[in-house]
Amino acid sequence: MAIVALSFLFSGCSKDDETTPADPTVTITEGTSLAIPANTSTATPYSLTLHVTIDAPGKIKSIVFNRNAYLGETLVTPYTETITTYNNETTASIDKTDDIVLGQFHLGTIDKISYEFIITDVNDVIGEATFDVTMGSYTAFTSEIITGEIWKLHSSGKACWDLKGDSTVTAIGDNYSVKRYIINSDNINSANIESNFTGSWTSNSVSWTSAGGTNYVTNGNGIKYVKANSFDYTNAKVEKANYVFELAGTTNQLTSIVNPAVDDIYIAKKDAELYVIKITELNTTEAAPTKANTGVLRFTYKK
């Protein structure tokens, strides 16, 4: 009888020892993904906080945190961290923060950041959870491919362009200052027919002399420009253009552009107004429509 009882005792202990603990689990309170609104301010990074809860009945052996940035399927920026604080614990609670630089999305260097939390218990059983961050839909420019031009000629009004009104503006009279976004800034006399036109422009004041010998000052509205030849003009989006303009800093936000070339791209901003301009033609010999002055700069723009 004693032998039988002892046999049952050992048998019962063996079954208890063989009980397998439940698999470890990882829960991210925020869910599995976030699409950051594309119009989120780029002045400061987007602050992300993930609240992570780990349940490991078999006890924690290791916790690995991965932060991987991707462009398409290509891993651009990998980062791995092993968290050892909770070894041999059955539960863990982790708050993981990250300041996301939105410019990486706007400049097109990445299109996704993936956060992975991988728990391995002492039995080498794995549990994991992933949280992906992408950008939401970008804003298209409401008006696309508008054509503009400025001429060497000042007195007929052909030397100034209104980006907001999509039209030429007279160079005479200060009442038009607010409409003068682009003003031919070449050092010329309107009666001078010499082919010295470079297409340079400004949104500041320009002094010139009429064919009759009258001196004038043409004032502009002070809009600023940033040269951005690597910007994707074809697929231009508002948030991306705004980011590139702000990223340039005040030193490179200019009111005057010298010697523009065909295919140059400029991003212009005045208060809430935003424009993307592409130079399409610089013709130094084409005659102005009403006088003998020669030279015209043509461009297209989106706004």
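This is a predicted model: local features need pLDDT of at least 70, side-chain atom pairs count only at pLDDT 80 or more; totals for chains, interfaces and linings use all residues.
Arg298 has a relative accessibility of 17% and counts as buried, because the cut-off for a buried residue is under 20%. Salt bridges that share partners place Arg298 in one network with Glu149, Glu281 and Glu286. Glu281 is partly exposed, with a relative accessible area of 26%.

The structure holds ten salt bridges. One of them joins the side chains of Lys61 and Asp124, at 2.8 Å from N to O. Why does this pair tie together parts of the chain that are 63 residues apart in sequence? Lys61 sits in strand β4 (residues 60–71), whereas Asp124 is in the loop between β8 (112–121) and β9 (126–135), so the contact spans that separation. Lys61 has a relative accessible area of 42% and is partly exposed.

Another salt bridge is formed by the side chains of Glu246 and Lys269, again with an N to O distance of 2.8 Å. Glu246 lies in helix α3 (residues 238–248) and Lys269 in strand β19 (residues 265–270), so here a helix is tied to a strand across 23 residues of sequence. Are the two partners buried or partly exposed? Glu246 is partly exposed at 39% relative accessibility, while Lys269 is buried at 18%.

Helix α3 also has buried residues, namely Glu239, Ala241, Tyr243, Val244 and Phe245. An α-helix has 3.6 residues a turn, so residues three or four places apart point the same way. The buried residues of α3 pack against α2 (103–106), β17 (224–227), β19 and β20. Just after α3, Gly249 takes a positive phi of about 80 degrees.

Five of them form an open sheet in the order β12-β11-β13-β14-β18, paired in the antiparallel sense. At its edges are β12 (167–169) and β18 (256–257), each of which pairs on one side only. Inside the sheet, strand β11 (residues 160–162) and strand β13 (residues 182–184) form an antiparallel pair over two bridges. Cys160 stands opposite Ile183 of β13.

Strand β4, which carries Lys61, pairs with strand β5 (residues 74–77) in the antiparallel sense over three bridges. In this pairing Tyr70 is opposite Leu75 of β5. How many residues lie between β4 and β5 in the hairpin that they form? There are two, and Gly72 in the turn has a positive phi of about 65 degrees.

Key. Residues are numbered from 1 along each chain as its sequence is written. Side-chain values use heavy atoms; hydrogens and water are left out. Two strands pair if DSSP finds at least two bridges between them. Helices (H or I, at least four residues) and strands (E, at least two) are DSSP runs, numbered from the N terminus. A salt bridge is a side-chain nitrogen of Lys or Arg within 4 Å of a carboxyl oxygen of Asp or Glu. Buried means under 20% relative accessible area, exposed over 50%, partly exposed in between (1.4 Å probe, protein chains only). Contact means heavy atoms within 4.5 Å.
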